[in-house]
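Biologist: I am new to reading models like this one. Could we go through a few features together?

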Amino acid sequence: MNELKTAKIKNKVEIIIDGRSVRVDKGSTILQAAHISGIHIPTLCYHEKIKPHGACRLCIVEIEKNQRSKIVASCAYPAEDGLVVHTDSPKVEQIRKNLVELYMALFPFNPEIKNLAKKYGLTGTRYKKEYDYCILCGLCVRYCEEVKKRNAIGFIGRGINKKVAFIPESAYFKSCQDCMECMDICPTGVFPSNYGMDRIPQIGDA
């Protein structure tokens, strides 16, 4: 029994998040550790069923390790023994505030963005309002590939011409009509495609 208890302890790591000690399984991320401890870290592109990507950067935190600090994406950074994490340090808050202001120009009606805008006192944005809603987070692409195993959609183009589309076109008729799960996980309510489908309305749209 003692050996089993020792083995369980060895498979755990302990980190400090916002002054709170959190013990989690080895292999967990900072974001998962925060969720376990009830600490909210905002995210847009995270989904528990797929590998973390860190595209939206809203989940950034500041960590202290070996007497040095740096900013990392909490969804992808592993929890390690002795790691000290700050989810709302001045550096984190400034970067996150700038990101929120940028996202307000792209999709202002997302609940997370609305809450963060209120937190930071943002009533407008300096950036040109595009309202194209797709932030190329890749959730739909990665979900289709990793969870559904269909590869029906993917990225095409590069740079400012990069977008999400059905690949190949026949995939829409063979796989997507009976699925459409990517609609539910899209953080901005858009279903980007080259079929002219309308954006899925979000709560609070005006």
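Biologist: In which strand is Ala-73 found?

Modeller: Ala-73 sits in strand 4 (residues 68-73); helices (H or I, at least four residues) and strands (E, at least two) are DSSP runs, numbered from the N terminus. This is a predicted model, where local features need pLDDT of at least 70, side-chain atom pairs count only at pLDDT 80 or more, and totals for chains, interfaces and linings use all residues. Residues are numbered from 1 along each chain as its sequence is written, and side-chain values use heavy atoms, leaving out hydrogens and water.

Biologist: Is Ala-73 buried or exposed?

Modeller: Buried means under 20% relative accessible area, exposed over 50%, partly exposed in between (1.4 Å probe, protein chains only). Ala-73 has 10%, so Ala-73 is buried.

Biologist: Which residues does Ala-73 touch?

Modeller: Contact means heavy atoms within 4.5 Å. Not counting residues up to four places away in sequence, Ala-73 touches Gly-54, Arg-57, Cys-59 and Ile-60.

Biologist: And how confident is the predictor?

Modeller: Look at pLDDT, the predictor's confidence in each residue, from 0 to 100. The protein chain averages 84, and 84% of the residues score at least 70.
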